Structure formats: C-alpha cells, structure tokens
Amino acid sequence: MTDGASEQIKCAKCKKSRVDVSMPNLQILAKEALNKFWTGESNWSDFSRWVVALPRGTLETKFQDWLDDLRSCDDDINAELEALDMGWSNEKISLIAAGKARPTEEELYAGEFTFSNIDFDVLVWVPLKSGEMVVGWAAIREWGCGKEHEYELIAVSESEDEVTKRVNEAFIYDGSP
C-alpha cells in the first residue's frame, strides 16, 4: 500500500489486483488521530506503545550549558564532574573538564544526566485503522506542562518499523539505539 487516495490490493482467493477506493489515505488517518489528541478524545495512555523521550541534542546542549556555567564560577570542575557519578574514568573527566572531550548523548542519558527544567516528551505509536484493519502507523509527540500540551505528527508509514526508525533518528529514549 501507499498513502495515496486509492490502494491496490490483492484478492486473497484469486490473487488478482484491484483498486480499493474505500481505503483511506494514511495522511488523512494520521491527521484525524492527531486531531483526537488536540481535542482530548485520545491521549498517550490510550495506547499500548509509548515512551518518554527527548529530542536528540537536548541533553548535550543542557550539559554544555551547565559545563560553561561551571567553568565561569568554579575552580574545581573535575570534582563537580566526579560528583555526577557518571562512571567516567579520571582521564575522561579531565578531558571533559579541559574541553578536549564531550560525553555522548547516549552516555548522558544512560547516566541519567537530567535537569528539573528539562521537559520530556511522550511519543505514541498510533495504529491507523480502516474499519477494523490496521493499515498504517503514526508517531505522535506530546509535550508541554499542565494543561498547555502541544502535539505533533512525527512519522507516518504503513510499517511500524519505519515509524520506529524515524522516531529513533529524532529522539532518544529507553530502548532507543
């Protein structure tokens, strides 16, 4: 299937192709799913597959900002880095303190380097259905505080694996590569 307005499908018995004009466009289904989040008809807890995530680059930026602030006011940067208890060797800590090395985003995430002012996003894999049949998948991002939530369509595809691939390119979360 494609996400076109009509779909080529094969008959299960005779294996002949025919056009099924009743098959909705995946983009339309995804926008309808997204609209349900905006109106409150759906939320992440309605679905079995969701993760708490951060856009790639968030932790690296926050860490670098923190380190720059630390450099401007503290003589013992090594001690501050050691206090993070990230499992880094003394050599790596010295290189980071000197600005000759940077931790990877994966290291920061695995070491649970977080700040109270970082808002994590929720990513939801939403099955797109035509009738009772799942014809595709959408990934929807939810973020914000309190009742001020925002929603965004991240990826749409016939394949759940393709949606996951696109999510992994843009976000980091437990279980992401």
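Glu80 sits in helix H3, which spans residues 77–83; helices here are DSSP runs of H or I with at least four residues, strands are runs of E with at least two, and both are numbered from the N terminus. The model is a predicted one, in which local features need pLDDT of at least 70 and side-chain atom pairs count only at pLDDT 80 or more, while totals for chains, interfaces and linings use all residues. Residues are numbered from 1 along each chain as its sequence is written, and side-chain values use heavy atoms, leaving out hydrogens and water.

Glu80 is partly exposed because its relative accessibility is 31%, where buried means under 20% relative accessible area, exposed over 50%, and partly exposed in between (1.4 Å probe, protein chains only).

Turning to charge pairs, the model holds eight salt bridges, each defined as a side-chain nitrogen of Lys or Arg within 4 Å of a carboxyl oxygen of Asp or Glu. One of them joins Arg56 to Glu106, with the closest N and O atoms 3.1 Å apart. This pair links distant parts of the chain, 50 residues apart: Arg56 is in the loop between strand S3 (50–55) and helix H2 (58–73), and Glu106 is in helix H5 (residues 105–110). Arg56 is partly exposed at 26% relative accessibility, and Glu106 is partly exposed at 40%.

Arg141 also forms a salt bridge with Asp121 (2.7 Å, N to O). Arg141 belongs to strand S5 (residues 133–145) and Asp121 to strand S4 (residues 121–130), 20 residues apart. Arg141 is buried at 16% relative accessibility, as is Asp121 at 3%. A salt bridge between Glu152 and Arg141 spans 2.9 Å, N to O.
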